[in-house]
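Have the sequence and the 3D view ready.

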Amino acid sequence: MATSVGRNSGSTATPTKATFSYWLKGQDSGSQQGIWGWHRGNDASNYWLGIYYSSNGSMYFNWKQSGLSVTLGTTQKFRDPAAWGHHVLAIDTTLGTAADRVKWYINGERVTSFEDSLDTISQNTTILNWSNAQDKMEIGTWYQNSSAHNLSNHSISHFHMIDGLAYDASAFGSTDSTTGEWTINTGPSVTYGNEGGFWFKDDAALTDRSGAGNNFTLDGGTLIAIEDCPSNIFACWNPLISNTGANFKNSNYRVYRTSAGNYRRMGCTIGATSGKYYAEYFLGTDQWGGVLLTSGGDLKRTEAGSNGYMGEYANDYSVGIRQDGVTYYNGANVSSAQWNQGTISSSDRLCIALDMDNKKCFLGKNGTWSSSSNPATNTGGISLGGDSYTFGAATSNADVIINTGNGNFANGNTANLISSEGANASGIGKFEYDVPAGFTALSTKGLNE
Amino acid sequence: MSSILKVDTIQDQNGNLIISKDSGGGGFEGTYFSSSSPKTFTVTVASKTSASPYHNVGSSNGYFIDGVQTPIIELKGNDTGKPYYYKFDQSDGTNSGHPLRFYNNVGKTTAYTTGVTTSGTPGQSGAHTTIAVDSTTPNVLYYQCSSHANMGNFINHNSTKLNTGVFLNMPTTDGTNGQAMVTNGSGVLSFSTISETKPTVANVSQTIAPATGVSFNITGTNFTGIPRVEFIKTDGSLTNANTVSLTNATTLAVNATLALGSYYVRVELDTGLAARSTNAIITASTAPSWTTAAGSLGTIAGNFSGTVATVAATSDSTIAYSETTNVLTNNSQANCALNSSTGVITTSDFGGSSTTPTTYTFTLRATDAEGQTVDRVFTLTSSFGATGGAEFS
């Protein structure tokens, strides 16, 4: 069931200005997906306002109310699975220049290229879309006429709605003077207005953090708390790696295929040449976890359409461990030397410590390191022959879910949040078991530790 | 004193007869020559002979004093309250047309009349010229006929009033060390400190823009007229002020165009009196200016450690950076350090213990080697990133 939250309007305000600001992670799915919107329950064919993905990957603003029907569609496509993007939609119908009456900012820059340009909005048009008790704001879905267009496999953080004022992007973010990146302002100085609010401030709570009390209720699905956020992006499976038949769910932390016995490898969105990183896996039956080169090797084979599991081939320098404990490295079965933990059941978690400073991979289960290895002391483990690695998976017909610090092993609407957070001296990410001393999450912050 | 030669006349080494009165009894004036009982010289007139120093000079006649031809006469008297009176009796008929008077020189440029009284008509009974002699009577006076030249000679008097052609009264009291003798213009001399009213230039340092006409004030003392003002560069080169005007005795308003450098100031008055500052008080230097734009220096992650930003200013001399507020380098606020030489702002924990986004507003100052300053307001904003969100599965 698609996840969405909603709340009905509690006022009759008809402002001429409004602002929506939020951070969104996900990619177009090739079909129409609503992100957020207002619609009028008892007049759904005449009142809606919101943003959705079109089936071509563009993003659209669509606003309909009595006497007005406006569409604005971006030229740009949204196909980066790893990035959080900041979207600001500012409506100000009082402006003299018609084209300025809806401004759309993405990552701090105003969007000026549209495949569907802004339809005419008469000056001083009032917004009627939250003036009626039947008007409902929803996040995770958007209604056009009476049809809901749901969002899936996306994450949202720091969603602001401003009722009555138009702000530009600089109210909600700024450019980092060192990196040049657009970064979040977690405490914007804004006035929210009657229907405004501030939701998903660092969590999945339905509470309005603006103080206006405009809390949401869960209308369907499961809202899953994540550590992944605009300020710290955790490695997840990378859908841009060509892997025919792979399905990516739960913000790409879950991957599966439906071809029994035909394994194909998958890598994460972040790799490393140095540092020490820790990850935990849920392995479906006969599925594989491990580490692999960020380029060439197993991933090259996968992109070439070749089946196989990690560690199967010499000179690919991959480590693969199957759910039943069979372990391979670089074309050789190293099970007897590297794995003494038996089968990894659905309630178990595979633990992998990737030490790129010492070029080693350590395997464990439920916090116990296998075969007397100890990543914290660089004892034992598998020496790696390559220089740049990431966490990997090989899937055939079941799930491989990775927790690189995102704090859950979500599977569809089942959150599978970590039940008892392990010790983590780095403070980056949440894991079920203790993070070995000196190791951290494979994330943008973890890379800079 | 019997051992002292007692004479009434004697010749000097030039053969001149000197008449002095030895009243006997030991070489001192034994009798007071009061006004009522003066010492009387009998004056007659006769042709001069070679015994007179003025023989064949001026008149052919000469005075004979008590029968001695044109003698040198020594007079005495010192107490101004008790002058001694010497009476030159011209009752003798040979004096007719030859009034005896006293002068400052042989040429009779200036008559000396102080204490001098005349009576009657020379050549007639009772005619005389009398002089009262005291300490103010010149040491030398020339007795001459007021009508004819070179009939007399001179008299000596041991006096503090000198006749050098002009009559000069010597001081009656000593001066202080280093004082000099000055005249009042009437022959009265005294000791006095000799001083000039020179100007002074105060050592008030100023910095002006170089290579452009700049108006500023020079302060000091004793400024008068329209002084000449020169700027003496430390390399010795001179630059004159463009314009100078006297504001008052302690202030000159000048306009000068000076090249880069440091300058002494020399002020010369119309009188020629001049003064120079003891230090190079004028510095021509370009003021520093910021090259880093005012305002935000960026948004920095809370707890960031490292280089935050670098500010820069330019000048024609070394610049030092400092903070005039107490925000940037305050451990309880931005918790940064500012390198005074490089303008690099660093931190080991940006924002210190703060955990909320904060904009720190502070003022930095650039100071050049000449002490010129320029301030600019900057901001740094701390950011504390998101820590999570919601997944719509």
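How many salt bridges does the rule count over all chains?

## Charged pairs

The count comes to 19 salt bridges over all chains, where a salt bridge is a side-chain nitrogen of Lys or Arg within 4 Å of a carboxyl oxygen of Asp or Glu. The idea is simple: side chains of opposite charge can pair when their charged atoms come close. For one example, look at Arg301(A) and Asp316(A), whose side chains meet in a salt bridge at 2.5 Å, N to O. This pair ties together distant parts of the chain, 15 residues apart. Arg301(A) sits in helix H1 (residues 297-303) of chain A, while Asp316(A) is in the loop between H1 and strand S25 (319-322). Helices (H or I, at least four residues) and strands (E, at least two) are DSSP runs, numbered from the N terminus.

## Ground rules

This is a predicted model, so to speak with care: local features need pLDDT of at least 70, side-chain atom pairs count only at pLDDT 80 or more, and totals for chains, interfaces and linings use all residues. Residues are numbered from 1 along each chain as its sequence is written, chains are lettered from A and ligands numbered from 1 in the order in which they are written, and side-chain values use heavy atoms, with hydrogens and water left out.

## Where A meets B

Here 39 residues of chain A are in contact (heavy atoms within 4.5 Å) with 17 residues of chain B. The two chains bury about 1,900 Å² between them, 47% of it on carbon and sulfur atoms; buried area is the accessible area (1.4 Å probe) that two parts lose on being put together, summed over both. Ser177(A), Thr186(A) and Asp202(A) supply 21% of the area that chain A buries against chain B, more than any other three residues.

What about charge pairing between these chains? The count is zero salt bridges. Instead, look for polar contacts: 15 residue pairs across the interface, both partners at pLDDT 80 or more. A polar contact is a pair of N or O atoms within 3.5 Å; within protein, one must be able to donate a hydrogen and the other to accept it, and residues adjacent in sequence count only if both atoms are side-chain atoms.

## The largest pocket

About 1,200 Å³ of space lies in the largest pocket. Its lining has 38 residues, and the closest to its centre are Asp176(A), Thr183(A), Ser231(A), Lys445(A) and Ala301(B). On a 1 Å grid over the protein atoms alone, a cavity is a set of points where a 1.4 Å probe fits but cannot get out, and a pocket is an open set with protein on both sides within 12 Å along at least five of seven lines; lining residues have an atom within 4 Å of a point. Grid points are joined across faces, edges and corners, and a volume is the space filled by probe spheres set on the points.
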